[in-house]
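Q: Could you walk me through how to read the features of a structure, one at a time?
A: Gladly; here is the one we will look at together.

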Amino acid sequence: MDFKQASLGVALTVVACSALATPQYTGNTTSEAALELNQPGYFLWNDASSPKNWSLRWTAPGAEQSPIYWFGNIRFANSKLDSATTFKFETPQTGGTPDNFNVTYGGETYPGSGNFVADQFSWTTSYTDNNGGVDGIDFTLGDDVELMELVLGSSLFGGFDNLMNDSGKPGHMIFIGDQYENPNVLVTDEGQKFEIAVPEPGTLALLGLGLVGLGAARRRQS
């Protein structure tokens, strides 16, 4: 095993076990197409053909509450895990309408309406209410991003008071990949928190070459 990859794995494990033991999701994240948003909650996936391209959507078809507030942040860490950038989205908690939320990136706050592009990220917004309106963020990871930490909140989330700061609990209204899997989360006063390790392109390439070599070796043996 490559020493760099082994060291990265140890570092990721240490990070995952720190900060109140934030759970790390290791299941499937990809989808061949956009997910079907047929229930209230957050939907997260990356493009199966272009894994660096990610989408996050939130919606609430049929929910009794209106308006609904959504808020959260995504923290991106590089391969050395010593530098991180946080992208934060939050709707107004009092007054205004849910589609007039602000976005904070790189220490600056921007209006979240329409289309906006900053470095590797772009996002769009639309009204979210009990008729199933959809808001969303599309973003592309840089080659050096290897860890994402997500904190997702909503006024729809409830019943977490007795689970505060308790890690490893099944996520509520969070669906990942085309299997709509639920991550385990750490419940905080900001929302449901979890991490996703993002393999670097070199790791994927080495894995592919290893599988090809294994197949060739088996053919020679036969």
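A: Let us begin with a pairing that is simple to trace: Thr188 has Gly191 in strand S16 as its bridge partner. One thing to keep in mind throughout is that this is a predicted model.

Q: How many bridges pair S15 with S16, and in which sense do the strands run?
A: Three bridges pair S15 with S16 (residues 191-197), in the antiparallel sense.

Q: Which other strand is joined to S15?
A: Strand S13 (residues 169-170) is joined to S15 by two bridges, and these strands also run antiparallel. Here Pro170 has Asn184 in S15 as its bridge partner. As for covering, S15 spans residues 184-188, and four of its five residues are buried.

Q: How do I read the two faces of a strand, and what does S7 show?
A: The general idea is that side chains in a regular strand alternate between the two faces of the sheet. In strand S7 (residues 102-105), Val103 and Tyr105 make up the covered face, while Asn102 and Thr104 make up the uncovered one. S7 pairs with strand S6 (residues 84-90) over four bridges in the antiparallel sense, and Phe87 stands opposite Tyr105.

Q: What should I look for in the backbone angles?
A: Most residues other than glycine have a negative phi, and most peptide bonds are trans. Met173 has a positive phi, near 65 degrees, without being a glycine; this residue sits in the loop between S13 and strand S14 (174-176). Tyr180 is another non-glycine residue with a positive phi, about 55 degrees, and its place is the loop between S14 and S15.

Q: Why does Tyr180 count as partly exposed?
A: Tyr180 counts as partly exposed because its relative accessibility is 28%, and that class covers values between the 20% limit for buried and the 50% limit for exposed.

Q: Where is there a cis peptide bond?
A: Look at the bond joining Ser66 and Pro67, where omega is about 0 degrees. Pro67 belongs to the loop between strand S4 (53-61) and strand S5 (70-78).

Q: Ser66 also turns up among the contacts of Asp129; which residues does Asp129 touch?
A: Setting aside residues up to four places away in sequence, Asp129 touches Ala60, Ser66 and Ile68. Asp129 lies in the loop between strand S10 (121-124) and strand S11 (131-140).

Q: How far from Asp129 is the nearest side chain of opposite charge?
A: That side chain is Arg57, 15 Å away. Asp129 is buried and has no salt bridge.

Q: How do I read a pair of aromatic rings?
A: Such a pair is described by the distance of the centres and the angle of the planes. This structure holds eight aromatic pairs. In one of them, Tyr42 and Phe157, the ring centres are 6.2 Å apart and the planes are at 55 degrees, so the pair is tilted. This pair links distant parts of the chain: Tyr42 is in strand S3 (residues 41-47), Phe157 is in the loop between strand S12 (145-154) and S13, and the two are 115 residues apart. Both Tyr42 and Phe157 are buried.

Q: Why is the pair of Phe76 and Phe139 called edge-to-face?
A: The planes of Phe76 and Phe139 are at 70 degrees, with ring centres 5.6 Å apart, so the pair is edge-to-face; the cut-off for that name is over 60 degrees. Because Phe76 lies in strand S5 and Phe139 in strand S11, the pair ties together parts 63 residues apart in sequence. Phe76 and Phe139 are both buried.

Q: Which residues do ring pairs link into a cluster?
A: The cluster consists of Tyr42, Trp58, Trp70, Phe89 and Phe157.

Q: And how should I approach the nonpolar core?
A: In soluble globular proteins, nonpolar side chains tend to be buried together. Here the largest nonpolar core has 34 residues, and Leu56, Met148 and Phe194 have the most contacts inside it. Beyond its neighbours within four places in sequence, Met148 is in contact with residues including Trp54, Ile74, Phe76, Phe139 and Phe194.

Terms used
Residues are numbered from 1 along each chain as its sequence is written. This is a predicted model: local features need pLDDT of at least 70, side-chain atom pairs count only at pLDDT 80 or more; totals for chains, interfaces and linings use all residues. Side-chain values use heavy atoms; hydrogens and water are left out. Buried means under 20% relative accessible area, exposed over 50%, partly exposed in between (1.4 Å probe, protein chains only). Lys and Arg count as positive and Asp and Glu as negative; His and the chain ends are not counted. A salt bridge is a side-chain nitrogen of Lys or Arg within 4 Å of a carboxyl oxygen of Asp or Glu. Contact means heavy atoms within 4.5 Å. Two strands pair if DSSP finds at least two bridges between them. Rings of Phe, Tyr and Trp (its six-membered ring) pair if their centres lie within 6.5 Å; planes under 30 degrees apart count as stacked, over 60 as edge-to-face and the rest as tilted. A nonpolar core is a set of buried Ala, Val, Leu, Ile, Met, Phe, Trp, Tyr and Cys residues joined through side-chain atoms within 4.5 Å.
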